[in-house]
Amino acid sequence: MKASKIILLMLLAVAISSAKNSEIKIKELYSPNYPIITFRVMIGTGSVNDPKGKEGLNALTILMLAQGGTKELTYKEIQEKLYPWAARISYQFDKEVSVIIGEVHRDHLEKFYKIFSDLILNPRFDEQDFKRNKDLLLNYIRATIRSGDDEELGKQALVWFIYEDHPYHSPEFGTVEGLNNITLEDVKNFYKKYFTQGNITFGIAGGYPKSLIQKIKKDFSKLPLGKPEPVKLPEPKKINGLEFLLIEKETRSTAISFGFPISINRSHKDFYALMVANSYFGEHRTFNGILMQKIRGQRGLNYGDYSYIEHFVQDGGSTFPVPNIPRRQQYFSVWIRPVENKNRHFVLRLAIRELEILVKNGLSEKDFESTREFLLNYSKLWVQTLNRRLGYMMDSDWYGIEYFIDKIQKELPKLTVEDVNNAIRKYLNFENIKIVAVTKDAQSYMQDLVSNKPSPISYVSPVSQSILEEDKIIQEYRLNAKPENFRIMSVDEIFKI
């Protein structure tokens with residue numbers, strides 16, 4: 001065979017392989033008797049893909065699809081059709097992945113699928129929709145994040161602070177200046193670049209007809225082939241000591257969040273040992289965690305205190321995380337829900353002291369056994385609906401692991417208390433932390449922290465003598481806060497650029 005023919009065949013084989021690898025992936029969760037059909041379309045784009053100076057472009061593009069029109073129907077006409085079907089279309093956007101979600105009763109499946117698929121394949125990109133969705137994001141920053149939700153502001157600012165000079169630095173919802181710089185043409189170009197077959201996973205769950213799968217494959221084959229290269233992620237900047245970001249705001253209480261990057265995610269074996277440690281320390285919205293017991297349960301200083309070993313967003317009114325916010329790099333964080341300003345110094349001391357105790361002492365055998373048992377049972381509740389199960393299946397595929405809930409059931413029974421305590425010492429620390437507080441009189445708070453001024457507290461109701469004795473230690477606990485490690489910002493400055 002001539003060399004030219006060999007080369008041609010090789011090129012053809014590469015082209016076929018490339019095309020095959022870039023075809024749309026479909027994740028199925030078939031349940032024939034389940035009447036609600038769920039679609040989850042995961043797109044491999046997030047705020048890491050926002051061009052510099054146009055932060056929020058990914059979010060705005062997703063909104064233009066999920067809350068826009070199709071070439072045949074306006075946004076208003078779509079809403080009028082969905083309402084009598086009790087159907088919904090929602091969305092999520094994060095650092096690396098965005099999702100468009102649809103739910104409908106199977107009685108209306110055919111008509112709903114036509115609309116849902118057209119929103120993604122044949123978007124209207126209407127100028128009025130563009131203005132409405134841009135205003136929605138801008139108002140979220142100005143009215144919700146800055147003005148109405150100190151807790152969310154603190155949590156979002158912590159991620160922003162941890163990932164300075166990093167692709168994760170840009171908030172997933174964008175910045176004020178970034179959003180104002182975006183044009184409708186930018187949205188159209190972003191859509192063309194990233195909405196390709198290889199960049200999309202289509203998830204479907206429920207009692208759908210099997211013929212629908214072939215229709216999805218045929219319809220989505222209209223998208224161009226290919227998959228953009230993932231954004232390279234450098235290691236986050238090292239944290240030197242306690243670094244503070246104080247956000248000045250006229251408020252009667254202080255919302256505190258603190259944390260640091262960790263080098264593992266769900267794909268790493270040590271993640272499951274760290275899950276047990278985290279559940280013991282601060283499982284979200286349960287009294288299983290030490291932080292909750294110490295700050296709220298024993299002292300009644302606020303509503304809740306939790307910790308996390310990966311990015312966490314609560315799913316509506318549940319206590320569970322939303323699926324489909326996977327990240328290659330994760331971080332440990334503590335969320336201290338607002339405390340009275342007079343107690344802000346004491347509570348920060350208490351939380352970091354508890355972290356030091358955890359790192360130095362680890363878990364006892366008894367605490368390890370009870371926490372592992374709790375987590376083995378509690379994690380099963382995360383997938384009570386097909387919608388959530390589908391989301392976790394897609395996340396597991398993204399991380400390249402077996403089904404996450406099954407993996408928890410497999411990995412936790414193999415753990416020993418030494419495994420957990422080794423993971424604590426390896427990945428957690430109490431000395432190099434970024435701390436964000438949304439508070440009044442930030443300068444005064446800084447002075448108290450730097451001077452290590454004692455921070456005694458008083459109680460409205462009587463507490464035990466053992467708590468009062470522990471308080472004497474906590475109020476003097478030394479935080480190595482240096483003045484050069486403080487940054488104070490007005491609330492109006494945050495997420496501006």
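This is a predicted model: local features need pLDDT of at least 70, side-chain atom pairs count only at pLDDT 80 or more; totals for chains, interfaces and linings use all residues.
**Entry: the largest pocket**

I began with the open spaces. The largest pocket holds about 970 Å³ of space. I listed its lining and found 36 residues. Tyr140, Glu152, Val313, Gln314 and Val322 are the ones that lie nearest the centre of this pocket.

Next I asked which helices and strands supply at least two residues each to the lining of the largest pocket. Two of them are strands, β3 (88-93) and β9 (330-340). The helices are α5 (127-148), α6 (150-162) and α14 (386-399). I also sorted the lining of the largest pocket by class, and got 18 nonpolar, ten polar and eight charged residues.

**Entry: the cavities**

How many cavities of 30 Å³ or more are there? I noted two.

The largest cavity has a volume of about 260 Å³. It is lined by 20 residues, and Asn278, Glu283, Glu310, Phe312 and Trp382 are the closest to its centre. I checked which elements give at least two residues each to this lining, and wrote down α10 (270-282), β8 (305-308) and α13 (365-378). Helix α10 gives the most to the lining of the largest cavity, namely three residues. By class, the lining of the largest cavity has twelve nonpolar, five polar and three charged residues.

The second largest cavity has about 80 Å³ of space. By class, the lining of the second largest cavity has five nonpolar, two polar and three charged residues.

Two names came up again when I read back.

**Entry: α4 with α9**

I then turned to pairs of helices. The axes of α4 (residues 109-121) and α9 (residues 211-220) come within 11 Å and cross at roughly 25°. Angles under 35 degrees count as roughly parallel, so I put α4 and α9 down as roughly parallel to each other. Their crossing is right-handed.

I looked up which residues meet. On the α4 side they are Leu109, Tyr113, Ser117, Ile120 and Leu121, and on the α9 side Leu212, Lys215, Ile216, Asp219 and Phe220. The contact of α4 with α9 divides into seven nonpolar, one polar and two charged residues.

**Entry: α12 with α17**

For α12 (residues 344-361) and α17 (residues 442-451), I noted axes that come within 10 Å and cross at roughly 45°. This angle makes α12 and α17 oblique to each other. The crossing of α12 and α17 is right-handed.

From α12, Arg344, His345 and Leu348 take part, and they meet Ser444, Tyr445, Asp448 and Leu449 of α17. By class, I wrote three nonpolar, two polar and two charged residues for the contact of α12 with α17.

**Entry: α10 with α15**

I came back to α10, the helix that gives the most to the lining of the largest cavity. Helix α10 also packs with α15 (residues 404-411), at an angle of about 80° and with the axes 10 Å apart. Angles of 65 to 115 degrees count as roughly perpendicular, so α10 and α15 are roughly perpendicular to each other.

Which residues of α10 meet α15? I found Phe271, Tyr272 and Met275, which meet Phe404, Lys407, Ile408 and Glu411 of α15. The residues of the contact of α10 with α15 divide into five nonpolar, no polar and two charged.

Key:
Residues are numbered from 1 along each chain as its sequence is written. Side-chain values use heavy atoms; hydrogens and water are left out. On a 1 Å grid over the protein atoms alone, a cavity is a set of points where a 1.4 Å probe fits but cannot get out, and a pocket is an open set with protein on both sides within 12 Å along at least five of seven lines; lining residues have an atom within 4 Å of a point. Grid points are joined across faces, edges and corners, and a volume is the space filled by probe spheres set on the points. Helices (H or I, at least four residues) and strands (E, at least two) are DSSP runs, numbered from the N terminus. Ala, Val, Leu, Ile, Met, Phe, Trp, Tyr, Cys and Pro count as nonpolar, Asp, Glu, Lys and Arg as charged, and the others, Gly among them, as polar. Axes are lines fitted to C-alpha atoms, for helices over the stretch in contact, and angles run from 0 to 180 degrees between N-to-C directions. Angles under 35 degrees count as roughly parallel, over 145 as roughly antiparallel, 65 to 115 as roughly perpendicular and the rest as oblique. A crossing is left-handed if the near helix is turned anticlockwise from the far one by less than a right angle, and right-handed if clockwise. Contact means heavy atoms within 4.5 Å.
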